[in-house]
Amino acid sequence: MIALPFIVLDNCKDEIRFYQGVFGGEIEILRRQGEEVLNADLHVEGATLKFADTQAAKPEAKGDNVRIFLKIETEEAYRRIYGELAAGGTIVREIYEAPFNGLLAIVADRNGVSWVLSYYRN
């Protein structure tokens, strides 16, 4: 079994580019309706983030019912991603030293998507 985050947001066409700017990777457009992007994947370092526009997925509410856990490889990347997601978003839990010899934080980005960011020191 493989679990993939499925992120529903307004204006998928532009917002997937925001996430590509944060994480890097390649965008794969799966479905369009005219100029609108209804479904797309962002492939990053062997992981896939799935995106859908609200027109396609029709969410019942925008909220914190799903969080995405990210294990980030370097502290530099961790701090950069934290800063970019927090810009225009909300810091739910500031960066703190976790009991596993690493860092944790929770950030809700500008789309209301909650990210649990982790960095494990060796």
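**Salt bridges and burial**

Modeller: The structure holds 6 salt bridges. Keep in mind that this is a predicted model.

Colleague: What makes Glu15 and Arg110 a salt bridge?

Modeller: Their closest N and O atoms are 3.0 Å apart. The cut-off is within 4 Å, for a side-chain nitrogen of Lys or Arg and a carboxyl oxygen of Asp or Glu. So the pair Glu15 and Arg110 counts as a salt bridge.

Colleague: Which parts does that pair tie together?

Modeller: Glu15 lies in helix H1 and Arg110 in the loop between E7 and E8, so the pair links parts 95 residues apart in sequence.

Colleague: Why is Glu15 called buried?

Modeller: Its relative accessibility is 12%. Buried means under 20%. Glu15 therefore counts as buried.

Colleague: Why is Arg110 called partly exposed?

Modeller: The relative accessible area of Arg110 is 40%. Partly exposed lies between the 20% limit for buried and the 50% limit for exposed. So Arg110 is partly exposed.

Colleague: What makes Glu97 and Arg121 a salt bridge?

Modeller: The closest N and O atoms of Glu97 and Arg121 are 2.9 Å apart, and the limit is 4 Å. Glu97 lies in strand E6 (residues 90-98) and Arg121 in the segment after E8, so this pair ties together parts 24 residues apart in sequence.

Colleague: Is Glu97 buried or exposed?

Modeller: Exposed, with a relative accessible area of 52%. Exposed means over 50%. Arg121, at 25%, is partly exposed.

Colleague: Where do Glu84 and Arg80 lie?

Modeller: Both lie in helix H3, 4 residues apart, about one turn of the helix.

**Sheet and core**

Colleague: Why are E1 and E2 called edge strands?

Modeller: 4 strands form an open sheet in the order E1-E4-E3-E2, with mixed pairing. Strand E1 (6-9) and strand E2 (26-33) each pair on one side only, as edge strands.

Colleague: How do you know that E3 and E4 pair?

Modeller: 6 bridges join strand E3 (residues 36-44) to strand E4 (residues 47-53), and they run antiparallel. Pairing needs at least two bridges. So E3 and E4 pair. Ala40, for one, has Phe51 in E4 as its bridge partner.

Colleague: Which residues have the most contacts inside the largest nonpolar core?

Modeller: Tyr19, Phe23, Phe51, Leu85, Trp115 and Leu117, in a core of 29 residues. The largest share, 6 residues, comes from H1. Beyond four places in sequence, the contacts of Tyr19 include Phe51, Leu85 and Trp115.

Technical notes. Residues numbered from 1 in each chain as written. Predicted model: local features only at pLDDT ≥ 70, side-chain atom pairs only at ≥ 80, totals over all residues. Heavy atoms only, no water. Helix = DSSP H or I, 4+ residues; strand = E, 2+ residues; numbered from the N terminus. Core = buried A, V, L, I, M, F, W, Y, C linked by side-chain atoms within 4.5 Å. Buried < 20%, exposed > 50% of the residue type's maximum accessible area, 1.4 Å probe, protein only. Contact = heavy atoms within 4.5 Å.
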